Amino acid sequence: MEMDDGGGGAASSTTAGNEANSVSLRHGRSKVMYQFTQQNLPACKPVLSPAWVISIFFAVGVIFIPVGIVSLHASQSVVEIVYRYDSECVPGPLRSNKLAYIKNSSIPKNCTKFFKIPKHMKAPINIYYQLDNYYQNHRRYVKSRNDKQLLHGLEYHDIGSCMPEDVNHGHPVVPCGLIAWSLFNDTYSFFRGIDELKVNRKNIAWKSDRDHKFGKQVFPFNFQNGTLIGGAHLDPNIPLSDQEDLIVWMRTSAFPTFRKLYGRIEEDLVADDIITVKLLNNYNTYSFSGTKKLVLSTSSWLGGRNNFLGMAYISIGSSLIFIAFVFMLLHIKNPRPYGDTTNLSWNWKPMSS
Amino acid sequence: MAAARPSGRRKQKLKWSKLYTFSCLRPSADDSSPNEHLLGQPGFSRVVFCNEPHLHKIKPHKYSNNYVSTTKYNLITFLPIALFEQFRRVANLYFLLAAILSVTPLRPFNQVSVIAPLVFVVGISMLKEAVEDWHRFLQDNKVNSRKVKVHVGNGLFVQKSWESLLVGDVVKVTKNEYFPSDLLLLSSSFEDGLCYVETMNLDGETNLKAKRSLEATLSLDEDADFFKFNATIRCEDPNPSLYTFVGNFDFEKESYPLSPTQILLRDSKLRNTEYIYGVVIFTGPDTKAVRNSMRSPSKRSRVERKMDYVIYLLFAILTLISLISAIGSSFYTKFDSSKMWYLRLRDDHEDLFNPDDPMFSGFLQFVRSLVLYGYLIPISLYVSIEVVKVLQAMLINKDINMYDETTGKSVEARTSNLNEELGQVEMILSDKTGTLTCNQMEFRKCSIEGISYGGEVTEVDLAASRRMNIDVERYRYSLDGSDSTGRSIEMFDLSTADDGTEKDVLGSHEDPKTVKSRTSNSRKDSITKGFNFRDNRLMDRMWIYRSNVSDMMMFFRVMALCHTGIPVEENGNDKTKYEAESPEEVAFLIAAQEFGFKFCQRTQSTMVVQELDPSSGLEVKREYKLLNLLEFNSSRKRMSVIVSNEDGEIFLLCKGADELADNGRTYQHVTMMHLSNYGEDGLRTMVFAYKKIGAPEYEKWNSEFTTAKANIGPEREELLENASEVIEKDLLLLGAVAVEDKLQKGVPECIDKLAQAGLKIWLLTGDKKETAVNIGFACSLLRHDMKQLHLCSSKESKSNQQMKDVKEEILRQLQSYNQLIINEENRNDAPFALVLDGKALELSLSIDLRKHFFSVAMNCDVVICCRVSPKQKALVTRMVKEHSGKAILAIGDGANDVGMIQEADIGVGISGMEGMQAVMASDFSLPQFRFLERLLIVHGHWCYKRISKMILYFVYKNIAFGLTLFYYNIFTGFSGQDLYDDWYMVMFNVLLTSLPVISLGVLEQDVSSDVCLQFPALYQEGQRNICFSWKRIIGWISNAILTSLSVFIVNICIFSQSSLDKEGNIADIEHIGTITYTCIIWTVNCQIALMTSHFTWISHLLIWGSILCWYIFLYLYSALPPLYSQNVFHLFTDQIGPAPMYWIATLLVVVVSLLPYYVHVVVQRSFFPMDDHIIQEMKCSGTDVTDTPMWLREQEKSKQLTQIGYSARVDAKIRHLKEQLHRKRKSIYLTVTNSPIYKTVVRRDITTLH
């Protein structure tokens, strides 16, 4: 769009066209109307001359590269630790049949892991869990919820959209639907040495969701009460608006690989700290061979670690400058004079009568 | 009879039948129709009870009333038919199915978002139909409520509206009124029941036709006579044949056969006759005129037809990706269902994801996908195009440059769906009378005894000499030497030496303006209508001082006596007005009057002329006895009267075609030359001759002639002709006259421009060949160095065998012409013109000859078809259209052009004239032919480019948007989840991207209107259809695919995992949807900005406003309570709006996705520029002002090399003159070099050199 503005402002020739004599008598609105009907409205007619083409390419490139550098810098400043634990947390003998392991509730799912902080991480440090190959965006899954019920609880009876997780033992389920039913239920606790790191699990959901979309007077009811238990249980004494795990989970992800915020560690972690994670590996990703990862990440003004944006800006910017140079060379080597008549079709094509 | 009945008729009632030799005095036995035995048989069952219309109100003789309707719908049929029409469009049908599906559980979106746009689109289209039909209805009403006098009993005639007319009614039609239905002529104001009708609206012929009632009904010539009138007509059933009629008239216990001579047809007009009485035979839809008219077909432009294929292509893409989705979905459902425990697919069997029956689920998914990806099909395209076209049509209507001040009418686009077709026209089929000409004759020139009066120089000569002078002038300045001046003058003198143009050319050399003003002045102050002649040698009685006064007088006498006109007195003016069969005769009578030979009275056998007596200078009334009138016929090509003057001398006065001049007088050669000069100027010429006949000789001849006249039988006409030829021998040539069939304003210039733009022009006229050729010359379609190929059938063909012969003859002609053309293919200076008549045309168009005909016709620079009936006009149009595949524009003004207008790709009606039929049937109506230039070259060009751009953009934006839905679906396991909120998707076509397209479609101009006119070559972009070629279409589709890919992939890479903001929040489906959608809105709107080359404030407002609109919409939508906005709640204000990532990503995506197109455009502009690009550059850099010669030179070069048109003619003339000059110079050089003086001089020079 820069090019339009540039081209427009640059090579514009504001013409009012040839106006009929009568126009001079008209004023204001009627004049505009007249110009409109005679298709004579003043207009700017940008023409892409070589100079403008080159400068537009150049200008966009020049804007893009610094933006890219800044973005890349912001992304690089983020420290991110990704730790896959789904297979490691299965006890050795059971690894051949992970599914049996996860389905067997009698086996304790505790798992303790250690990792080293590579770089200084400034608080707040976001804790994410990352699932893979999990179709939270599946049509059937996405629509299996009821926003009205989430806000107003049992007052709403029409929860057909929540099928097949709408009613249990003849009573409606609150919160209903597959999304809530399959709530993620791994838990993490972090220790530095023997000190447990405080994990703040508040404010992990959008404020608007907490305040307006999940009822403050709506309590879980009849939840995870059926024959099939999906995921986490909810404390029936805490209103939905305070169940931030649920609120985060209910924001269905767009792609099969996704992260969700679990909580925040609100103290700095120093490089070479050894962190102990005690986790409960409850959630079944084995049946669909998904992975589970734990992610610790700081954030910059731009967000998390994502080199793509910066790289893209830099590469596009530099290729634009490259194109600008190519054009410049082509133009210098083989110039086509501006408005050159030899290129008019009737000057190079034999006329056919 | 007249003596016995004192009637209210005019004084100079005449028995015309007595005057006419050939046609009218035919014995009544000749009228008997051979088909009489057919009556009562099927097809000939109609019974009409004259004067008893009440009998026709009940069965079995209940016939339809006289209401004529041209509307497409009525109140009851409107809804079903209009709906049917709407859903004949594939896209609409598709959306109807989508709407039906949207009320089933299969729906991907909510119902409203599918149904609302459809209702909107169809509703608008239907509204447009309704309004258009309403206008037709009003027009019908106007015609149907015209008034006519109808007999209501007791001899009382009352004004009634046309529609209330019933079969059997007796009506009285007065002069210059149209006949309300098909009538049987009972009697007229003339004693012998003759009346004249103008059938221009039916067959386009301009001469009047005489109709004559039966002898039996002649007595019914007063209102009161119809008190007891009673008769029965048995006749044929309604049919469209204009020239046949079979019937019987039972009156007073006798039966009389009826023939077409007694039938007055609807849409023809009563002329030169005070009134007639007639009985209504056919009413309303049964009339021949209405039977001949076709329902106006709904036309679609070729761009739109091609667009259908684009839509089919999109459907193919849609089906393909739906199929992929369906197969993918089946696989996921079958193989992954047990794994994806969180979906619990086995718990309740949702049909869409039934793991037990994946095939069926796949099928359902397929159906669902068809709806889901429906955004590929641009639903609003049709409605947007319709809106744009209506606006375009409005702008065309409002164009002040196409406003005719004299009639107060402007161009009217009657249907708006052909605007862009105007930019693709390759051939124009034009009517003559009323379209090119005004059907008004003017006396322009005459040549008496070898001296031409009224200006000798032709316009073409003038223009040629003027141009040559400019060249000479330029040449002189460029050389700037005394030597060259001398040479240029010499060159100039030579160039004009032997033409009769010398004087005028010299005049123009000195001061071209004076010549110009002389010719134009003479036009302006022509006080008398039909007389445009200025020559001091003849005007104001000056001719009496010329040497050959007696011949002059004879010349004027021929003018005043040899005709069939009658004078019409006029009050308050000493000038008499005349009425005659053809406007030519009127022009002669007026001219004769101007010269002092005023024809003032005609009785049955005498003609009175008020003559100027040159000896006394007084005006004398002289009475001539009209002895015989040998009327015009096509084989003799002349008309004569035999008169005797008061002294008893008998003269034969004759006027006729050019051959008449060939009779050996001394000035014959000069006269012939004058004739050809006149002809070249497009004037219609007529040669005058006379002879004096001795009384005995006359008596002898007259007796022969009378016996021939009395003959009853088929050979009668031949006998009469032979007799005529006997007396028309040894005539003395007097001279020639030239009348101008006045062209409408600006016609030659317009034709010139159109030809330069590469359009071919065919002339189709009902008039005779000579007239058509004249007009061909007048509007520069023909010129003298053109080879005229005449195609005509020499023989009458009745039997099959003869038919075959004629066909073979034509085939032979065609083949020889074809050979001729092939042989001369390379020579540009030998243009061809094909002239053919209706019969030859019809035969040529028969299946076996068609190929030969078109191979000749397409190679001719101009084709003139004369004597073609309306049906044939329509036939030619259809054939040309089918055979050439080119866009045909037909232009005409009368009802006879209706077929052609309807058949052509674009029908244009001339609205200045009286008849409305052509306008009613037309797609565009113009008050003047000359507006065609601007309509095609400016508006056509613009509309074509606009609509093409607009359609391509529509395809682009819908693919770019629709495909992202598909890509996303791949990531959802083909489950059919959509990335965007339903309301985003509704808004996409309705608000966020539709308005800039409309501004593009209405306001875009590649070049301004004057540049369009200056560079006719730009018009060929449309003819070659380069803006909507498959190459372009595929290019745009690829561009769209690239855009969708880059938008989608870049967004995935940025947002799929990393957190959105510095709080570490992660984007969910709604965020990513909104961000992607933002990118798309930006991209498609910036794309249209890139396509626009003409930014008015409106375009800026709409383009940038649309983007702004998206944010406003998003803001408002996300501010709604969560129950309405759902996951979008506070999305913009709290979530993505504050995140810098959102904005930075948008910028990146927009630039990336527009880059391919931009690079393409830049490369094209820089290295492969198109004409409009360069002209834009020239305009922009102002070289058109700074380097005017270059600008003009390019204009000149851009003109399509053409053989027709005024400038082509001037060019040819210049070539001709230059050749002459060259030859002259050579001969002079030779004479000079051969002369002894020169030789001596040269020798001396050589010797001195040595």
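Good morning. I begin with a contact in chain B: the charged end of R46(B) sits over the ring of Y63(B), at 3.9 Å from the ring's centre. Please keep in mind that the model on screen is a predicted one. Another contact of this kind involves K172(B), which lies over the face of Y275(B), 4.9 Å from the ring centre.

I turn now to rings that pair with one another. Over all chains, a search of the whole structure returns 82 aromatic pairs. One of them joins Y134(A) and W249(A) in an edge-to-face arrangement, with 5.7 Å from centre to centre and 70° between the planes. This pair bridges distant parts of the chain, 115 residues apart: Y134(A) belongs to the loop between β4 (125-131) and α5 (139-142) of chain A, while W249(A) belongs to helix α9 (residues 244-250) of that chain. Both Y134(A) and W249(A) are buried.

In chain B, F226(B) and Y277(B) form a tilted pair, with centres 4.7 Å apart and planes at 45°. Here too the pair links distant parts of the chain, 51 residues apart, with F226(B) in the loop between β7 (209-212) and β8 (231-235) of chain B and Y277(B) in strand β13 (residues 275-282). F226(B) and Y277(B) are both buried.

Ring pairs also build a cluster, whose members include Y134(A), W249(A), W181(A) and F258(A) from chain A, together with W341(B) and Y342(B) from chain B.

How many cavities of 30 Å³ or more does the structure hold? There are 14.

Finally, the domains. Chain A is divided into domain 1, covering 48-78 and 301-333, and domain 2, covering 82-298. Taken over C-alpha atoms, the centres of these two domains of chain A are separated by 41 Å.

Thank you.

Technical notes:
Residues numbered from 1 in each chain as written. Chains lettered and ligands numbered in written order. Predicted model: local features only at pLDDT ≥ 70, side-chain atom pairs only at ≥ 80, totals over all residues. Heavy atoms only, no water. Phe/Tyr/Trp six-rings, centres within 6.5 Å; stacked < 30°, edge-to-face > 60°. Helix = DSSP H or I, 4+ residues; strand = E, 2+ residues; numbered from the N terminus. Buried < 20%, exposed > 50% of the residue type's maximum accessible area, 1.4 Å probe, protein only. Lys NZ or Arg CZ within 6 Å of the ring centre and 35° of its normal. Domains from an automatic or database assignment. 1 Å grid on protein atoms, 1.4 Å probe; cavity = no way out; pocket = protein on both sides within 12 Å on 5 of 7 lines; lining within 4 Å. Points joined across faces, edges and corners; volume = space filled by probe spheres on them.
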